[in-house]
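Have a look at the structure first, then read on.

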Amino acid sequence: MTVVRYVAAAILARGADAGAAVGFVLLAAVTPDVPRPSLVGALLVTCLTAPHLLGPVLARRLDRSRDGRRLIAAICVSYGLLVAAAALGLGRLPVVAVAVLAAAAGVCGPLLTGGLSSRLAGLVRSDERAQRRAQGLDSLSYGVGGTAGPAAVALLAALTGARTSMLVLAAAAIVAGMLVRTLPASGDSVAPERVLSVREALRLIVATGPLRRVMYTTVVVAIPGGAVAVLAVALGHELHVDAGTAGLLVAGFGLGNLVGSLAVTARPLLGEPEKLVTGTAGLVGIALALCALAPSFSLALAAFALVGALNAPFFTATLASRAQYSPPEARAQVFVSMAAIKVGAASAGTAAAGALLGPGPRVLLVIGAAMILVTAAVSLIDRRHQRATVPLRGAGSHAHSRAPAKTPGPPVSDSGGC
């Protein structure tokens, strides 16, 4: 089945993407002749993740491609070869050369995540239930890949060595590319000359009401989401458990996310995606507040699992929003741009949690919950205001277009349609 091959490819590709960061840290720590291993490991991880910001540029190539399978398959294979080269070169080549290889692999990363997701809509039936079920499976692939990739690298490193584990990871990315190549061609390709520029695509996200609201809601939810691991471990002290036991709170979040992804796959979320994003974001905010209020470890574990479980339908709704509200001439750029912004926001949340732990994890969890709930309310107000003003703009002399000036075809509606 097409979707089964897609999910297998997505899990392998995203597992490789998530596991490589852990693998480079482990490899740097055990490789002889590597000066200051912790610094080199951090440098390689930075080189691997920072190029995600260049994702929209590569995504434009995907939008212009008449057969996205070939480009994504080539990117998967390139990622695997570059990671393998960097792993084999560490300790044998200058660190700068290895860093360049890691950075080149990092440039490929966005197409393993948002780029691959942007092709999914064209692989399944167009009815709403089939699309939402496929998006639930896509969300599941992120959860499984993000959990299994680092775990597999750590396990293989312990059994066979860090370098071998990295080579297995690289092989997984190559196999993912082979699977992508077997997928049928997507049916929504457009003429290359109609594809928006990167600037136009970014302007489209800001100017299109549903995309804009989904984007800023995604960013705000990602900030405390990136801080969950740090805050969960810190909360363990207040719950009178050691750091190892507190780590179970993070595991509970991950397990909840997997269960939530399975739930939205078995019972797809139906309805307007933007409304689903706002509603599920509000639920995530409430669950995060419960984490802050939990008086015991067992209740905190249940609360963190609930946050993970609710984060799955929220993420699935954001995928549905990107698919429904982005035009074919900028679809990959919308997916990859929003994914890159989300990654940046999550990284900022992780850094902020580590730097601002002074007030305590409960206070920071409350702040995170408040941020999400306020943003959900702002999104509702923004939506209602725009619905009230759209008719007025249409009644005037010639209101500004809601789509970029060079966008061909009908503009995307600010009021929730596409």
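What follows covers the cavities and the residues that line them.

This is a predicted model, where local features need pLDDT of at least 70, side-chain atom pairs count only at pLDDT 80 or more, and totals for chains, interfaces and linings use all residues. Residues are numbered from 1 along each chain as its sequence is written, and side-chain values use heavy atoms, with hydrogens and water left out. The structure holds four cavities of 30 Å³ or more.

**Terms**
- A cavity is a set of points, on a 1 Å grid over the protein atoms alone, where a 1.4 Å probe fits but cannot get out; lining residues have an atom within 4 Å of a point.
- Grid points are joined across faces, edges and corners, and a volume is the space filled by probe spheres set on the points.

**Largest cavity**
- Its volume comes to about 90 Å³.
- Twelve residues line it, with Gly68, Arg69, Ile72, Arg119 and Pro184 nearest its centre.
- Helix α4 (residues 68-89) gives the largest share of this lining, three residues; helices here are DSSP runs (H or I, at least four residues), numbered from the N terminus.
- The lining splits into seven nonpolar, two polar and three charged residues; Ala, Val, Leu, Ile, Met, Phe, Trp, Tyr, Cys and Pro count as nonpolar, Asp, Glu, Lys and Arg as charged, and the others, Gly among them, as polar.

**Second largest cavity**
- This one has a volume of about 70 Å³.
- Its lining residues include Ser117, Gln131, Asp138, Leu319 and Phe335.
- At least two lining residues come from each of α5 (95-118), α6 (128-160) and α12 (297-325), and α6 has the largest share, four residues.
- By class, that's six nonpolar, four polar and one charged.

Methods. On a 1 Å grid over the protein atoms alone, a cavity is a set of points where a 1.4 Å probe fits but cannot get out, and a pocket is an open set with protein on both sides within 12 Å along at least five of seven lines; lining residues have an atom within 4 Å of a point.
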